[in-house]
Each structure stands twice: as C-alpha cells, then as structure tokens.
Amino acid sequence: MRRPTGKGAGVTEIPGTDTLGAEALGVPLGERATLVQFSTAFCQPCRATRRTLAEVAAMVPGVGHVEIDAEERLDLVRALGIARTPTVLVLDRTGRVVRRAAGQPRKADVIAALGRAV
C-alpha cells in the first residue's frame with residue numbers, strides 16, 4: 001500500500017520477524033489476512049482509513065479489520081515502531097506482518113497489499 005502524496009507517507013516491506021497474534025490484538029485474526037489500523041481520536045485521515053479498510057475487509061472473504069487506539073496501546077506502538085497515524089499493517093493468516101504503510105491508503109493499494117498476504 002502507498003499513499004500517492006504527502007510528506008512521510010510510504011510503504012515498507014517487513015521481514016518475517018514481526019508477528020501479531022490474537023492475544024496481542026485482542027481479537028481473532030482473519031482466516032486469510034488481517035488489516036490492522038493504528039489510529040488516534042482526533043486523526044482525520046484515520047476516519048477515512050477506517051472506512052476504506054472496512055470496505056475492503058467486507059468485500060474480500062476471510063479478511064478481518066482491527067482498529068487499535070494508539071494512545072491506549074503504547075506497548076504495541078513502541079514495539080512496532082509506529083510513528084504516526086494512521087499506520088496500517090497487513091498480516092497474513094499466521095499474524096506475520098507482510099506490509100506496512102503510514103498515511104491514508106487508497107482502496108486499490110489496500111487490495112494490492114492483500115495479495116502479498118493471501
């Protein structure tokens with residue numbers, strides 16, 4: 001996933017070392033993949049990102065969407081090096097982070113990123 005414009009937005013490939021399980025997220029993982037969104041209460045792009053990810057999760061079977069309040073989960077924010085919101089992680093079915101993007105993603109980019117996870 002990538003954001004077409006905007007300072008600091010970008011996509012990072014993640015080596016297979018970062019893994020998030022249902023215990024860390026507080027919800028079960030999707031059967032095929034999970035979209036994890038880190039947000040904050042007053043983040044305007046986070047709202048649009050929430051809608052985009054929910055739409056994609058609804059149209060792709062086996063894909064879940066989890067939104068995490070970055071202020072409430074500083075442990076995860078620090079462990080994963082989340083520097084801004086929204087940040088989206090794409091997890092495969094085992095919870096391995098396969099894609100990471102900071103900033104508001106486009107729907108087409110989210111769908112393309114899921115191709116790496118499923």
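A salt bridge, as the term is used here, is a side-chain nitrogen of Lys or Arg within 4 Å of a carboxyl oxygen of Asp or Glu. Please keep in mind that this is a predicted model.

**Salt bridges**

Side chains of opposite charge can pair when their charged atoms come close.

| Pair | N to O distance |
|---|---|
| Glu 67 and Arg 50 | 2.6 Å |
| Lys 107 and Glu 55 | 3.1 Å |
| Asp 109 and Arg 106 | 2.9 Å |

Start with Glu 67 and Arg 50, whose closest N and O atoms are 2.6 Å apart. This pair links distant parts of the chain, with Glu 67 in strand E3 and Arg 50 in helix H2, 17 residues apart. Glu 67 is partly exposed at a relative accessible area of 31%, and Arg 50 is partly exposed at 36%.

Next come Lys 107 and Glu 55, which meet in a salt bridge. Lys 107 belongs to helix H4 and Glu 55 to helix H2, so the pair ties together parts that are 52 residues apart in sequence. Lys 107 has a relative accessible area of 35%, while Glu 55 has 41%; Lys 107 is partly exposed, and Glu 55 is partly exposed as well.

In the pair of Asp 109 and Arg 106, Asp 109 counts as buried at 10% relative accessibility, whereas Arg 106 is partly exposed at 38%.

**Helix H2**

Helix H2 takes in residues 44-59, and its 16 residues reach 24 Å from the first C-alpha to the last, close to the 22 Å expected. Which residues of H2 are buried? They are Cys 46, Ala 48, Thr 49, Thr 52, Leu 53, Val 56 and Ala 57. These residues cover an arc of only 165° around the axis, which puts them on the same side of H2. Gln 44, Arg 51 and Ala 58 are exposed on the other side.

Strands E2, E3 and E4 and helix H4 are among the elements that cover the buried residues of H2. One of those buried residues, Ala 48, has 14% relative accessibility. Ala 48 and Pro 105 are 57 residues apart in sequence, yet 9.0 Å apart in space, C-alpha to C-alpha.

**The disulfide**

The count of disulfides comes to one. This disulfide joins Cys 43 to Cys 46, with 2.2 Å from S to S. The link is right-handed, with 85° about the S-S bond, and both Cys 43 and Cys 46 are buried.

Terms used
Residues numbered from 1 in each chain as written. Predicted model: local features only at pLDDT ≥ 70, side-chain atom pairs only at ≥ 80, totals over all residues. Heavy atoms only, no water. Helix = DSSP H or I, 4+ residues; strand = E, 2+ residues; numbered from the N terminus. Expected span 1.5 Å × (residues − 1). Buried < 20%, exposed > 50% of the residue type's maximum accessible area, 1.4 Å probe, protein only. Arc of directions from axis to C-beta. Contact = heavy atoms within 4.5 Å. Disulfide = S-S within 2.5 Å.
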